[in-house]
Amino acid sequence: MSPSVFSRRRFARGVIAGTGALAAPAILRAQAPLEIKVSHYLPPVHRLHTDVLESWAKDLEQRTGGRVKILLHAGNTAFGNINNQLDQVLAGVMDVGLGLHGIPRGRFPRTGIIDMPFLTTSAEQASRILWTLYPELLKDEYRGVKVLALFAHNPGLIHTRAQRVERMEDLKGLRIRAPSPVVSNMLTFLGATPVGLPPGQIYESLMAGTLDGYVLPWDPVHSFRLAEVTRFHLDIAAYTVSFYIVMNERRYQGLPAEIRTAIDELSGEKLLPRIVAAWARADADGKAAAQARGNTIVVASAEERARWRTALEPLIQEELGRLEREGVADARTIYARMVELART
């Protein structure tokens with residue numbers, strides 16, 4: 001082989017090697033982004049899907065320069081069962097889940113104290129109470145997960161299919177869907193029969209006549225089309241119900257530090273304004289749907305609300321006693337702190 005041929009070949013090998021070295025970062029940059037799977041039980045038209053999770057996902061993808069891709073699974077998918085949201089995250093089937101504290105029942109007894117009648121007056125107030133108390137008194141209920149948000153909806157209403165409800169006495173004998181243990185016990189205390197049922201089954205149950213009504217805020221009246229099977233709505237603002245958004249702790253810790261930082265910067269207290277605004281829009285959607293159908297909306301008077309509040313005080317004490325008997329030794333401490341924060 002002539003020296004000139006040998007030199008050309010050696011030069012070519014050097015060019016190839018150099019090109020590969022220069023291309024390595026580009027190959028790394030071209031790698032598929034890290035996928036984070038997120039599930040919830042709500043329909044994809046719900047404001048928590050469109051206004052909270054979708055926008056959070058978009059912000060996280062942008063904040064990480066496309067290194068993260070969020071895969072959203074709504075309630076109409078195989079991962080949308082309301083009972084499975086927490087277990088899917090703990091098992092690593094889903095990375096992030098949005099769920100209801102009261103379903104399945106008994107998983108979050110301390111957090112569920114926020115559902116006590118007439119404790120809070122808005123989604124913002126209830127959500128900030130939960131986030132304030134999380135590191136102080138609630139953290140033990142969230143082992144195995146990274147908490148991204150704790151929040152509650154605006155005070156709920158009592159919606160009925162055929163019977164107008166204006167006073168406590170009007171509830172007697174009615175079968176009413178309840179979202180949490182505290183609300184179930186409240187209904188029992190007032191003479192109704194509480195029914196545990198996922199939101200997606202309320203429509204069919206009302207149609208079949210096996211359910212007389214339900215307690216929910218305004219938003220499902222639109223998102224679950226319940227205005228079609230509901231005639232009366234009592235705005236009594238007697239309770240709230242709380243939710244979580246959590247991430248598998250192992251999955252979170254296994255992410256690169258800069259991605260964990262991006263998640264932290266978009267979650268927690270920083271996520272609450274987005275959630276509160278979504279509830280406001282969702283409630284407006286639900287009320288508008290009821291008005292469009294010509295449904296009857298009754299706003300409870302201050303006097304009637306006072307009657308309910310007085311009548312339900314023994315229930316609150318019974319609930320706190322029940323929680324103590326079931327092992328929540330600090331139930332009264334938690335309730336007292338919630339009351340204190342609600343008054344500040």
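How many bridges join β6 to β7, and do these strands run parallel or antiparallel? In this predicted model, 4 bridges connect β6 with β7, and the two strands run parallel. As a general principle, the strands of a sheet are held in pairs by backbone hydrogen bonds, in either a parallel or an antiparallel manner.

An open sheet is formed by 6 strands, arranged in the order β7-β6-β8-β5-β9-β11, with mixed pairing. At its edges lie β7 and β11 (296-299), each of which pairs on one side only. From one strand to the next, the twist averages 25 degrees.

Helix α5 packs on this sheet, where it touches β6, β7 and β8. The direction of α5 makes about 160 degrees with that of β6. Within α5, which spans residues 181-189, the buried residues are V182, V183, S184, M186 and L187. Their cover includes the strands β6 (175-178), β7 (193-196) and β8 (213-216), together with the helix α11 (302-325). Just after α5, the backbone at G191 adopts a positive phi of about 95 degrees.

Definitions and conventions:
Residues are numbered from 1 along each chain as its sequence is written. This is a predicted model: local features need pLDDT of at least 70, side-chain atom pairs count only at pLDDT 80 or more; totals for chains, interfaces and linings use all residues. Side-chain values use heavy atoms; hydrogens and water are left out. Buried means under 20% relative accessible area, exposed over 50%, partly exposed in between (1.4 Å probe, protein chains only). Contact means heavy atoms within 4.5 Å. Two strands pair if DSSP finds at least two bridges between them. Axes are lines fitted to C-alpha atoms, for helices over the stretch in contact, and angles run from 0 to 180 degrees between N-to-C directions.
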